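Subject: Structure handover

Hi,

Here is the structure I promised you. Please open it alongside this note, which runs through what turned up.

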Number of protein chains: 2
Amino acid sequence: MRATLIYGAGDVRVETVADPKVAQATDAVVRVVRSCICGSDLWPYGGMPAQENGRPIGHEFLGVVEETGADVTSVRKGDLVVAPFVWSDNTCEFCREGLQTSCLHGGGWGADGVDGGQGEAVRVPQADGTLVKLPHTEDEDLLASMLTLSDVFATGHHAAVTAGVKQGKTVTVIGDGAVGLSAVLAAKRLGAERIVLMGRHQVRTDLGREFGATEVVAERGDEGIERVRELTGGHGTHTVLECVGTKPAFEMGLGVVRAGGALSRVGVPQYPEGPIGRQVFMRNVTITGGVAPARHYIPELLPDVLEGRYQPGRVFDRTIGLSDVPAGYQAMADREALKVLIKP
Amino acid sequence: MRATLIYGAGDVRVETVADPKVAQATDAVVRVVRSCICGSDLWPYGGMPAQENGRPIGHEFLGVVEETGADVTSVRKGDLVVAPFVWSDNTCEFCREGLQTSCLHGGGWGADGVDGGQGEAVRVPQADGTLVKLPHTEDEDLLASMLTLSDVFATGHHAAVTAGVKQGKTVTVIGDGAVGLSAVLAAKRLGAERIVLMGRHQVRTDLGREFGATEVVAERGDEGIERVRELTGGHGTHTVLECVGTKPAFEMGLGVVRAGGALSRVGVPQYPEGPIGRQVFMRNVTITGGVAPARHYIPELLPDVLEGRYQPGRVFDRTIGLSDVPAGYQAMADREALKVLIKP
């Protein structure tokens, strides 16, 4: 089959690799129907040291089950399924608590002999624990929205849930990428009273407004903090959803969070240490979030997507075939595309 | 009156200062019956630059109301009252949310013309919002336990509450000082299933066991982490109550907290930056806590203290008069005393 491999910064190739086969009784093989490129794929695309052997990449996909191992009972050949961005058994003590990202028997896509998601097919370990069955559809928009359950919508939701967004709460979302916009939508869905979106790309912030942002702040750093504080009587918002991952974004988050509030991080932190000293302590600010257990959230989010109440798939603004994946990476890196959908 | 002033590291003096008087209609003057020395007083005692004028110190006290301003309605002359370690109006938006430490019209003891707690009397601003009435008693143990509502027991409780301690949860308490032991007691009170106390002073950890610790780990650093992980199937505890405030204590806390768990800090952090990068993120660890809104917790904790179900006053292991306060500081700094009670 053809699949995407990354060889280093700026070097993504689509190549022919071995066809996936059921290797364990708990595996399934899924023919990919839709995949996509993630903001977090841009970190290695931006800075990975060159290596001789490519590594499979991509961790968001939905597709049709082609083959299942003898122990797989929850899905069967022909089912349309979505996979969260990590695989998990869904039975260990962490999975039972809803933290499938810490599954004792789980792992990531594109590592340890498991395929990446940006290819024609994927061997899915722990298929019963990992895959969630979807209704068959030809509706392009619905397919796109269902695909976001794999990562971005679930990740935005995780930010909102861990920060404690609910009816009556004020929210600042930092970042107008696909996760930031998904976080706006998730905050709206949870009943946030007011959603301030911090971002500078008007096409994106316009979508953010459609998703539920009540205000947009284009300024950054101290100026951005000042602006959000002005909007909130000087105090900041109860919750901050930090959807970027850089230290300046985190620092800005601390500047706009209200005393007693929570800052949730869902952008992978690109900094080993952060300013969590006296100021954070004296203001009782909680720092929460982390890698989102998408598998846990899919059953809750799916009905709203199926019934069209929320359309997180609107974050996709470009659709490409598999051979165009390298160009898709470049378009996202250049910020020409917000999020790229792949039809293999 | 006589009161304690700090002039710099190692330099605490008891001197004659102006008698407190009602200055605002919302003030009360309280004659101090019991006060004490706090672990956090040891930070300036250890490192404050020498200065010409002393500054009043002490922030924990209970006493008898001597005089009230015209607007004070909730307490009156002759009442026994306890003061939390900050004063607050108890009516602003933060106070109404239970975050009196961020009161818009509040402040600290020993600053801006307000007396410290380690003296014969104190002018209490915002008396209605700050003071909580207690029953009169001659019971020394009860007086000591009621005094801990001013800070240490409330602070230990804040650690436990913000970390999410409840029935069935496992807890690690870092630090066997008065706050650490109070946190053990608070965790026990909230129904923790298992409480691992990390501390090396056997007299203190013995009291910790009486307060509810199920295991004591004397090792520190990597060895300490290893030990707690061994005790918990390799995963660590759901909650960590960090009651020290140093960076190594925080790092140890991150090492023993279970994925998806929470580390609450109630020791004032003595570090501007901390390791909150990828590891914390991938494990979905929440960092919470902060300066405890004791005023918020007193009504909840007081009945258990009055009825003798909990005896947090057992953390006091030395009682002194006001003139011995400098020696009391030294005894706590030398770890000869766990917590020093003052009878002015």
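Chain B superposes on chain A by a rotation of 180° with 0.0 Å of shift along the axis, at an RMSD of 0.0 Å. That is how a two-fold axis relates two copies. Contact here means heavy atoms within 4.5 Å.

Some ground rules. This is a predicted model: local features need pLDDT of at least 70, and side-chain atom pairs count only at pLDDT 80 or more, while totals for chains, interfaces and linings use all residues. Residues are numbered from 1 along each chain as its sequence is written, chains are lettered from A and ligands numbered from 1 in the order written, and side-chain values use heavy atoms, with hydrogens and water left out.

Helices (H or I, at least four residues) and strands (E, at least two) are DSSP runs, numbered from the N terminus. In chain A, the buried residues of helix α12 (residues 325-333) are A:Val325, A:Gly328, A:Tyr329, A:Ala331 and A:Met332. Seen down the axis of α12(A), they fall within an arc of 165°, so they line one face of the helix. The arc is taken from the directions from the helix axis to the C-beta atoms. Buried means under 20% relative accessible area, exposed over 50%, and partly exposed in between (1.4 Å probe, protein chains only). The cover over that face includes β1 (2-8), β2 (11-16) and α1 (42-47) of chain A. Just after α12(A), A:Arg335 takes a positive phi of about 60°.

Now chain B. Three strands form an open, antiparallel sheet in the order β2-β1-β4. Its edge strands are β2 (11-16) and β4 (55-56) of chain B, each pairing on one side only. Two strands pair if DSSP finds at least two bridges between them. Six bridges join β1 (residues 2-8) of chain B to β2(B). B:Ile6 stands opposite B:Val12 in β2(B).

A covered strand

Strand β14 (residues 237-242) of chain B has six of its six residues buried. It pairs in the parallel sense with β11 (residues 170-174) of chain B over four bridges. There, B:Ile174 stands opposite B:Glu242. Five bridges join β14(B) to β15 (residues 257-265) of chain B, again parallel. B:Thr237 stands opposite B:Val257 in that pairing.

Loops worth a look

A:Gly199 lies in the loop between β12 (194-198) and α7 (202-211) of chain A. At 9% relative accessibility, A:Gly199 counts as buried. Beyond its neighbours within four places in sequence, A:Gly199 contacts A:Asp176, A:Thr205, A:Val216, A:Val217 and A:Ala218.

A:Asn90 sits in the loop between β7 (86-87) and α2 (93-96) of chain A. B:Asn284 is in the loop between α10 (278-282) and β16 (286-289) of chain B. A:Asn90 is partly exposed, at 24% relative accessible area, whereas B:Asn284 is buried, at 5%.

Best wishes

Technical notes. Least-squares fit on C-alpha atoms with pLDDT ≥ 70 in both.
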